[in-house]
Amino acid sequence: MSAYISLPMYSASIDERMRLIAGKCTSCGTLNYPPRQVCTHCGGTGFTPQPLSGSGRVYTFTVIARGGAPAEFDQQQTLTGEIMVGVVELDEGPRVVGQIVDASAGGLDIGTRVHGVVRRLYDQEGIIRYGVKFQPEADHG
């Protein structure tokens, strides 16, 4: 079973998926990512777009072994084997789930500095879907 996202839904979420745009609550200033209709902190309903840096630290991570990834990642897993996925705590505060690339599980630690890079995610409806993945910074620690 795959997570089907129609082309109109995908197109509507480009800012969220590729530009890391959060909603900053006009009542309390909390950054809500992904953007929501109601603030998770105060219940406010007014937001201004707030770009996020894409830089942060690995909060936690796991390795998805062969055959364990969602169907949309079958092709990637066939080509690359294991897929590393983590929760990244961005410098601005929000936590983001994403693939971690260009690293091995043995070379990654909680707290490793990472930054977002736009990469191919998967094909759906004959369209290549892109989004942010996270890559360790050259000098992390």
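The dialogue below walks through some features of a predicted model of a protein chain.

Me: What should I know about the numbering and the kind of model before I start?
Reply: This is a predicted model, in which local features need pLDDT of at least 70 and side-chain atom pairs count only at pLDDT 80 or more, while totals for chains, interfaces and linings use all residues. Residues are numbered from 1 along each chain as its sequence is written, and side-chain values use heavy atoms, with hydrogens and water left out.

Me: How many helices and strands does the protein chain have, and how do they run?
Reply: Helices (H or I, at least four residues) and strands (E, at least two) are DSSP runs, numbered from the N terminus. Here there are 3 helices and 8 strands, and from the N terminus on the order is α-α-β-β-β-β-α-β-β-β-β.

Me: What share of the residues counts as buried?
Reply: Buried means under 20% relative accessible area, exposed over 50%, and partly exposed in between, with a 1.4 Å probe and protein chains only. Of the 141 residues in the protein chain, 35% are buried by that rule.

Me: Which residues touch the most other members of the largest nonpolar core?
Reply: A nonpolar core is a set of buried Ala, Val, Leu, Ile, Met, Phe, Trp, Tyr and Cys residues joined through side-chain atoms within 4.5 Å. The largest one holds 14 residues, and Tyr33, Leu52, Leu90 and Phe134 touch the most other members. Strand E5 (83-90), strand E6 (95-100) and E8 each give two or more residues to this core, with the largest share, 3 residues, coming from E5.

Me: How many disulfides are there?
Reply: A disulfide is a pair of cysteine sulfur atoms within 2.5 Å, and by this rule the count is 0. Cys28 is in no disulfide, since its nearest cysteine sulfur, that of Cys42, is 3.7 Å away. The sulfur of Cys42 has its closest cysteine sulfur in Cys25, at 3.6 Å, which is too far for a bond. Cys28 is partly exposed at 35% relative accessibility, and Cys42 is partly exposed as well, at 38%.
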